[in-house]
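Here is a colleague's note for someone opening this structure for the first time. Please read the points in order, with the model in view.

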Amino acid sequence: MSETTTSSKTFLSGVVEGFYGRPWTMEQRKELFKREQKWGLNTYLYAPKDDYKHRTYWRELYTSEEAEQLITLISAAKEKDIEFIYAISPGLDITFSNPKEATALKRKLSQVSEFGCRSFALLFDDIETEMCAADKEAFSSFADAQVAITNQVFQHLQEPHAFLFCPTDYCATFCTPSVSQSSYLHTVGEKLLPGIDILWTGPKVVSKDISMESIEEVSRVLRRPPVIWDNIHANDYDPQRLFLGPFKNRPTELIPKLRGVLTNPNCEFEPNFVAIHTLGTWCKSSTGQKDVAMDGEDQCSDYNPQEALRLALSEWLIEFGMADQPDVSRAGSGRPKREPSEEEPMQTDEYVPGPKENPLYTAEPLTLEDLTLLSELFYLPYEHGPTALAMLRELHWLRGNSDAAVFGSTAPENEKTKEWRERAEHFDDMCAAVVRMFNRLSNVPNRTILYDLYNYICDIKSGVSLARAFVGSLGGQNPPPCQVINDDPEPWGFRGGLSGEFQRMLPYHGNRDLFLTPPASRVYTIRPCTPKDKSEVLRLSKEMQSETLQQAALIGDRLVDGQLSPSKYCDLVLEDEAGLCGFAFALTDAKTAMTKSQYPETMLRDFPSLMAIQIHPRVPDPNTAKHLISSVLSSLKESSSIGVFCEFRSSDKRMLDFLRTLGLLHVLKVDGLQAGLVLMGTKL
C-alpha cells in the first residue's frame, strides 16, 4: 500500500471484544464507548467468541429482537464517534468452494449493514488449517481460499470504510518457517485487495514486546501496515490471572508504522479501566496531547508507563467511590445511575455504644496506594509489579535462610538472626498491607467493580495469608488455627482444585515462574533411573555420606545400593550438565524391606511408604529438588499410599535443613528410635 493511501486513513485505536467467555452486556459496551471517547480512542471491534451468531452459527441471521439490540449499540457508538466494526468468524466449518456459503456470508453481513454498520472484519483465527476435499480441488492453498472469499465479501459490501482480515497465522510464532518466508503470509499480502487491513498480534499470541523491526518485517510481507490486535491484557487463557498493569513495551515510534492498535483486554469489564486508559495515553503521546510527564521509559522519549498507570489509577479511584449496585434481577441488564457516595456504613436506630462496649465498625476508605498495590499484584503476563517481586524475594530469602530463625528467650542472637527477624517483620508488613487493601476494597460503594475483582483479591489475600503464617511458624509464632500448615489442612490450604493437582504432578511445574532466583542458568533433567545410573547413584550417596560421622543403619541405603528395587514409577534421578546430582527412590510398602520391627506399627499405619532422597549441594534452586520429590510423592499417592517417611542420620544437617526449606516433609516424633536417626515424613 502506498504511503498516501495509508496516511489518508484514520489510525484505528480502541478495544476489541474478542475473548473467550461471557460477552459484555449491552450497557457495558455503551459505557465503553463513553470511556473511549473521553480518552481519545475511536474504534470498537465486536468479536466475542461466545456470541454464537458471530462464530459457531455464523450463517444464521439475527432475529428482530437481536437486531434491535445491535441497532441500538451501533447508534450508541456513533453518538460517541466510535467506529463500530462488526466481525464474523466463519472459519470453523465454512466450505470456501461452495457458492452457497459465500452467499450466506454476504447475506449475514448485508443484514448487519442495514443496522447502520459501515465497517466489518472477517476472522480466520484459531481454526484448523486442513481444507476439506472440495476446497483442495478448488484452491491451491488455504491462504488462496481465505483471500478469495474475503475479496468477494469486501467488494459485495462496496469496499466499506474499514475492513479487517484476521489471518490464521496471526503472529510470528505461527509462521512456517518464519515471517519473511511464510508462503501463507506472502499469498495474503500479494492477493488480498489493498483496501483490506490485516490484524496481527506481534511476535506471539500474547506478545511481551513489539519492536519496530518486527513490524517492518511483517509489513513488507503483507505489503501494508498491520492493525495490532493486542493481547497483553487478555486473561481468557487463565482464570486465576487478571492484568491491571499499564500498556507497555510498545514504543510510540510504532504508531506511524501501523494502521491501528486494538486491545483485547480482560474478560471482566470493570478491571479494564487501566488497560484502556493507558492505551489512550500511549496513542496520544505521539500527537502532543500528553496527559502525563514523559521521561524516556519504554524504548522511546514520550511515553512513561508508570506515569500513565498513576494517571489511570487516580481516575479509577473516583469510580470506586460511586455508589453502584449491579441489577441481578435480569440477565444483561444495565448499570444503574451512579452517584458519589460519602456515606458511612449504615447503622440502625442511631445506636451509640457505651464506654465499655465495642465501638461501631467504620470502613476505611480506599486509597491510591491501595490501587497501586492491587495493580502491582496483578500486573502483566510476563512480569509482576515491584511490590509483588519484593514479597517473593523476601519469602524466598526467609525460607532459604530459615536456619537463622531461632527463637526463645535463650536463643543466640547474631547478625544473620537479626537480619532474618527484620526481614520477617518487613514481609509481615507487606502481607498486612495486602489484607488491608482487601478489606478496603470489600467496603467500596461501587459494588459492580468489586464483584469483577472479588475472586481475584480473595485468592491473593488467602495466598498471602498462608505465606504469612508459614513465615510466622518459622519464627516460632503460632499461626491462627485457620492458617495452620499441617498434614490435614482446610480446603483453602491446598488451592487450585483438580487443575492444581494436575500441575503439581508435572515434574517441571513452575519452571517458568515470573520470579526466578537465582537466574535459571542451569538446565536440569528429571527422568527415570536406568541400570547405567546405578554406579553414579551409589557414588553420589557415598560422597554425601562422607559428610556425616554417624553410620546408623538405614533401609534407604539398600534402595540406593541395589539390594532393594524401588516401586514402579518411584525411581527418579536429577541431572544437570555436570552429571547426576540427585535422586529420589521409594518403596510403596516399607514393611517388605524390614527384617525386624525397626519402626512402631502405629507409625507405619500412617506412613507405610519409604523414600530415600539425596540432593547434591551444587543444586542451588530448591524448586528443582521440590519438583523431583513431588513427582515421587505423586506416584506413591497414585499407588494408594497414605503417607511416606524418610530416614536421615542426625549429623546430616545439610539435607535436613534443605528439606525443611522445601516444606514438603516434616520431622516425625517417633518413640524408641535408635540413636543418631531422624525421620521426616508427610501424609499423602
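**Notes on the model**

1. Start with helix 11 (residues 368–377). Helix 11 is mostly covered, with 7 of its 10 residues buried. Buried means under 20% relative accessible area, exposed means over 50%, and partly exposed lies in between (1.4 Å probe, protein chains only). The buried residues of helix 11 are Asp370, Leu371, Leu373, Leu374, Ser375, Glu376 and Leu377. They pack against helix 10 (305–320), helix 12, helix 13 and helix 14 (447–474). Contact here means heavy atoms within 4.5 Å.

2. A word on the source. This is a predicted model, where local features need pLDDT of at least 70 and side-chain atom pairs count only at pLDDT 80 or more, while totals for chains, interfaces and linings use all residues. Residues are numbered from 1 along each chain as its sequence is written, and side-chain values use heavy atoms, with hydrogens and water left out.

3. The whole chain. The chain has 20 helices and 17 strands. Helices (H or I, at least four residues) and strands (E, at least two) are DSSP runs, numbered from the N terminus. Of the 684 residues, 51% are buried. Take the contacts between residues at least 6 apart in sequence: 75% of them join residues at least 24 apart. The accessible surface of the chain is about 32,500 Å², and carbon and sulfur atoms hold 51% of that surface. Accessible areas come from the Shrake-Rupley method with a 1.4 Å probe; for residues, only the protein chains shown count as cover.

4. Salt bridges. How many salt bridges does the structure hold? The count is 33. A salt bridge is a side-chain nitrogen of Lys or Arg within 4 Å of a carboxyl oxygen of Asp or Glu. One network of salt bridges links Glu31, Arg35, Glu270 and Glu319.

5. Helix 12 to helix 13. Glu394 and Arg423 meet through their side chains in a salt bridge (3.1 Å, N to O). This pair links distant parts of the chain, as Glu394 is in helix 12 and Arg423 in helix 13, 29 residues apart. Glu394 is buried, at 11% relative accessibility. Arg423 is partly exposed, at 22%.

6. Helix 13 to helix 14. Arg468 and Asp428 also form a salt bridge (2.8 Å, N to O). Arg468 belongs to helix 14 and Asp428 to helix 13, so this pair ties together parts 40 residues apart in sequence. Arg468 is partly exposed, with a relative accessible area of 28%. Asp428 is partly exposed, also at 28%.

7. A loop to helix 8. In the salt bridge of Lys257 with Glu216, the closest N and O atoms are 3.9 Å apart. Lys257 sits in the loop between strand 7 (227–230) and strand 8 (260–263), and Glu216 in helix 8 (residues 212–222), so the pair ties together parts that are 41 residues apart in sequence. Lys257 is partly exposed at 37% relative accessibility, and Glu216 is partly exposed at 30%.

8. Ser182 lies in the loop between strand 5 (162–166) and helix 7 (183–191). Is Ser182 buried or exposed? Ser182 is buried, because its relative accessible area is 1%. Apart from neighbours within four places in sequence, Ser182 is in contact with Asp169, Cys175 and Thr176. Pro177 also has its place in the loop between strand 5 and helix 7. The peptide bond from Thr176 to Pro177 is cis, with omega near -5 degrees.

9. Backbone points to check. Most residues other than glycine have a negative phi, and most peptide bonds are trans. Gln158 has a positive phi, near 60 degrees. Gln158 is in the loop between helix 6 (142–156) and strand 5, and is exposed, with a relative accessible area of 70%. Tyr569 has a positive phi, near 65 degrees. Tyr569 is in the loop between helix 17 (555–560) and strand 12 (571–576), and is exposed at 58% relative accessible area.
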